[in-house]
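Subject: Handover of a protein structure

Dear colleague,

I am passing a structure on to you with this message. Please open it beside the text below, which sets out what was found in it.

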Amino acid sequence: MVPDKAVRVKASCSTANLGAGFDVFGLALSKYADRVQVRTTNTRTVRIIALGPYGRELPRAPKKNSAGPPARALLDRSGLNTGVEIIIEKNIPPGLGLGSSGATAAACTEAMNHLLRLDLSNDELVRTASLGEAAASGSAHIDNVGASLLGGFVIAYGNPLRAVSVKPPGKLSIVVVSPKTRLAKNKTSLARRLIPQKIGVKEAVLNIGRASAIALGFAKGDLDLIGSGMEDAIAEPHRERLVPGYKMVRKAALASHASGVAISGAGPSVVAFVDKTKRDPKKIGRVMVKEFSKSNVESTFFVARPAGGAHIIRSN
Ligand code: HSE
């Protein structure tokens, strides 16, 4: 028998890529978090209920909701003769590039792991949660789920998958600016299709160097080094047209001494990393909003800090 009947987990939103780390780097962010409660049932099915401010925007069909495939996979793995009911409190706005579907998948995976006593490794948790991304966006990318599960700055890579996380520097503030653009329903899959399947050696070398600078910058707590790597030669050049005004906004934020700027995941939000001991993140947020308005794009911003990983908030 399963000792816990219900487990509730909270998982934060995240920004992925950080410029040069396309599909590899993620950073968990404060501000929004999903809460997912999973309880065992005797039906052998996966049932999804979505509540909260954005609950109505989620598909309920278990194959289409990012909580469904991880739940199914872990039920099958457990070999237990049980089903689950998943209640999602959807607090992370979908479609902004803040890892909304990934956070739900991460929270559900963590809850199932505890509920069914599976004792999965971090690598297995991330791999399982990525099944949810495949359902939500057509690709099992691991950067957002890695960040939401493990917290902090995450490098998720390789085959077999590995995921490692490091605590970001305390002086890091993240300005998140979200343009109010019309969003296609399958935004992430469209944005992924814009990226060519083949890249040149020049682009690969540029990205390896910059991604290395970001990783080392997090290891050393050096925000300038992190910022110096936040430029991408693989995805952003092909995606920036999805974020009208991005180039100018990026330039303005850097001129205002942001350490680095990138499109957040598949966009349309833009993140600026700021050393809050030296610069006022809100001031940089206002500069970015003003710059977007010059391209006739309305936008809003908030300031976030790095967040921790998915964790249990109730279990009984
Ligand atoms: N790395 C993914 C992408 C994140 O950029 O497509 C999507 O949220």
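A helix here is a DSSP run of H or I with at least four residues, and helices are numbered from the N terminus. By that convention, S100 lies in helix α2, which covers residues 100-115. Please keep in mind throughout that this is a predicted model.

The protein as a whole

The secondary structure of the protein consists of ten helices and eleven strands. Along the principal axes, the C-alpha atoms fill a box of roughly 60 × 40 × 35 Å. A compact globule of 316 residues would have a radius of gyration near 20 Å, and the protein agrees with this because its value is 19 Å. Of the 316 residues, 55% are buried. Where contacts join residues at least 6 apart in sequence, 74% of them join residues at least 24 apart.

The protein exposes about 14,000 Å², and carbon and sulfur atoms supply 51% of that area. There are 45 positive and 24 negative side chains, and the centres of the two sets lie 4 Å apart.

Is S100 buried or exposed? Its relative accessible area is 8%, and residues under 20% count as buried, so S100 is buried. A polar atom of the S100 side chain lies 3.0 Å from the backbone oxygen of I92. Leaving out residues up to four places away in sequence, S100 touches D34, K90, I92, P93 and P94.

E85 in strand β4

E85 is placed in strand β4, residues 83-89. With a relative accessibility of 8%, E85 counts as buried. Which side chain does the side chain of E85 meet in a polar contact? The partner is R47, at 2.8 Å. Once residues up to four places away in sequence are set aside, E85 touches Q37, V38, R39, T41, R47 and I49.

D143 counts as buried because its relative accessibility is 2%. S148 is also buried, with a relative accessible area of 0%.

Apart from neighbours within four places in sequence, D143 is in contact with A16, N17, D23, V24, F25 and G26. A polar atom of the D143 side chain lies 3.3 Å from the backbone nitrogen of D23. The C-alpha atoms of D143 and A28 are separated by 10.0 Å, although these residues are 115 apart along the chain.

What does the side chain of S148 reach at 2.7 Å? It is the backbone oxygen of S12. Not counting residues up to four places away in sequence, S148 touches A11, S12, C13, S14, G102, A103, A106, G309 and A310. As for F292, which is 144 residues from S148 along the chain, the C-alpha atoms of the two are separated by 29 Å.

Phi of N17 is near 85°, a positive value in a residue other than glycine. D23 is not a glycine either, yet it has a positive phi of about 70°. N17 counts as buried because its relative accessibility is 6%.

Cis peptide bonds

Where are cis peptide bonds found in the model? One joins N159 and P160, with omega about 10°. P160 is found in the loop between β5 (153-157) and β6 (162-166). Another joins G267 and P268, again with omega about 10°. P268 is found in the loop between β8 (260-263) and β9 (270-275).

With kind regards

Notes: Residues are numbered from 1 along each chain as its sequence is written. This is a predicted model: local features need pLDDT of at least 70, side-chain atom pairs count only at pLDDT 80 or more; totals for chains, interfaces and linings use all residues. Side-chain values use heavy atoms; hydrogens and water are left out. Helices (H or I, at least four residues) and strands (E, at least two) are DSSP runs, numbered from the N terminus. The radius of gyration is taken over C-alpha atoms; the globule rule is 2.2 Å times the number of residues to the power 0.38. Buried means under 20% relative accessible area, exposed over 50%, partly exposed in between (1.4 Å probe, protein chains only). Contact means heavy atoms within 4.5 Å. Accessible areas come from the Shrake-Rupley method with a 1.4 Å probe; for residues, only the protein chains shown count as cover. Lys and Arg count as positive and Asp and Glu as negative; His and the chain ends are not counted. The place of a charge is taken as NZ of Lys, CZ of Arg, CG of Asp or CD of Glu. A polar contact is a pair of N or O atoms within 3.5 Å; within protein, one must be able to donate a hydrogen and the other to accept it, and residues adjacent in sequence count only if both atoms are side-chain atoms.
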